[in-house]
Amino acid sequence: MSHFKAPPKKNLGQHFLTDRSIIEHIVHSVDPKPGDVLVEIGPGQGAITFPLLKKHGSLTVIEFDRDLITPLSEAAHGIGELTIVHKDVLQVDFGKLAGDNRIRLVGNLPYNISTPILFHVLEHCTQVRDMHFMLQKEVVERMASEPGSKVYGRLSVMLQAVCEVIPLFDVPPQSFNPPPKVDSAVVRLIPRDPSEIGIHNPELFAAIVRDAFGQRRKTLRNALSRICTGEQLQAAGIKPETRAEQLPVASFVHLANVLSESAA
């Protein structure tokens, strides 16, 4: 768009989406409805922003690059109501953005900080209705992987425990300017109802998952020695010689709850 003069910044991991068919596919996947509260992370040059704004009429975007604030504002004139939050997304309180509603998050996430963004969003899941994110394809594969997979890990367990993870479609490098060196993919995340999640102590659960995958080759007896004993693992129905990548999400949740109850 003519409003945007600054080139993509490598230090911010900027790869601006330019493929119209991919843009249309993303907007169709989001399918905003009247009354939805849409929030986009990292609008960049507005490839997804303005089609969503035109379709929905209002949109809040979170943009860290100060050079994009004015061009975004100017380009939105006559299209819809664009609210720009100039801030590091990792410092944004999504609960405040949601107010009395549940927000719908969209974003072509900066690949260099995509995992921290995902963990930050998890902290606000009760205020989020769904998410549509574009990330590196290998990250999406990790997010959706099952026990026994080589890429099943901390991110898989933490996300799947609180969200339904649905990979949607792949995006080739040539769909961006500049083209990244990796394939990308779009994923839909739907937060589960808190009653379905059933994690009694989220901090303990997070610590268990972190330590379990901290040294993947270790058995859970050794990896979790700081948190529990082999006898406690057995009490939770888990063989101490099991490795983290073999354990389903539900077993991590059950272990955390058993330990939480025993400590009460």
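Which residues point one way from S5, and which the other way? I looked this up before anything else. Ile 103, Leu 105 and Gly 107 point one way, Arg 104, Val 106 and Asn 108 point the other way, and all are buried. I take buried as under 20% relative accessible area, exposed as over 50% and partly exposed as in between, with a 1.4 Å probe and protein chains only.

**Basis**

I am working on a predicted model, in which local features need pLDDT of at least 70, side-chain atom pairs count only at pLDDT 80 or more, and totals for chains, interfaces and linings use all residues. I number residues from 1 along each chain as its sequence is written, and side-chain values use heavy atoms, with hydrogens and water left out. Helices (H or I, at least four residues) and strands (E, at least two) are DSSP runs, numbered from the N terminus.

**Sheet**

I traced an open sheet of seven strands with mixed pairing, in the order S4-S3-S2-S5-S6-S9-S7. Two strands pair if DSSP finds at least two bridges between them. Strand S4 (81-86) and strand S7 (163-171) stand at the edges with a single partner strand each, so one side of each has no neighbour in the sheet. From one strand to the next, the twist averages 20°.

I then went back to S5. Six of the six residues of S5 are buried, so the strand is largely enclosed by the rest of the structure. On one side, strand S2 (residues 37-41) pairs with strand S5 (residues 103-108) in the parallel sense over five bridges. I noted two bridge partners here: Val 39 has Leu 105 in S5, and Ile 41 has Gly 107 in S5. S5 and S6 also pair in the parallel sense, over six bridges. Arg 104 stands opposite Asp 130 in S6.

**H6 and H7**

I looked next at what lies on the sheet. Helix H6 (residues 137-144) lies across strand S6 (128-136), S7 and strand S9 (184-191), and runs at about 135° to S6. Helix H7 (residues 154-162) packs on the sheet and touches S7 and S9, its direction making about 120° with that of S7. Contact means heavy atoms within 4.5 Å. For angles, axes are lines fitted to C-alpha atoms, for helices over the stretch in contact, and values run from 0 to 180 degrees between N-to-C directions.

How do the axes of H6 and H7 cross? They come within 7 Å and cross at roughly 60°. The two helices are therefore oblique to each other; under 35 degrees would count as roughly parallel, over 145 as roughly antiparallel and 65 to 115 as roughly perpendicular, with the rest oblique. H6 passes H7 in a right-handed crossing, that is, with the near helix turned clockwise from the far one by less than a right angle, anticlockwise being left-handed.

I listed the residues that meet: Val 139, Arg 142, Met 143 and Ala 144 in H6, and Leu 155, Ser 156, Leu 159 and Gln 160 in H7. By class, this contact of H6 with H7 has five nonpolar, two polar and one charged residues. In these classes Ala, Val, Leu, Ile, Met, Phe, Trp, Tyr, Cys and Pro are nonpolar, Asp, Glu, Lys and Arg are charged, and the others, Gly among them, are polar.

Eight of the nine residues of H7 are buried, and the helix is mostly covered.

**H9 and H12**

Helix H9 (residues 202-212) packs with helix H12 (residues 249-263) at about 125°, the axes being 9 Å apart. That angle makes H9 oblique to H12. H9 passes H12 in a right-handed crossing. From H9 the contact takes Leu 204, Phe 205, Ile 208, Val 209 and Ala 212, and from H12 it takes Phe 252, Val 253, Leu 255, Ala 256, Leu 259 and Ser 260.

The buried residues of H9 pack against H7, helix H10 (220-223) and H12. Among the buried ones are Ala 207 and Asp 211.

**Two single residues**

Is Thr 242 buried or exposed? Thr 242 is buried, with a relative accessible area of 15%. The residue lies in the loop between helix H11 (230-235) and H12. Leaving aside neighbours within four places in sequence, Thr 242 is in contact with Thr 219, Leu 220 and Leu 247.

Pro 116 is in helix H5 (residues 114-122). At 38% relative accessibility, I count Pro 116 as partly exposed. Pro 116 and Leu 90 are 26 residues apart in sequence and 7.6 Å apart in space, C-alpha to C-alpha.
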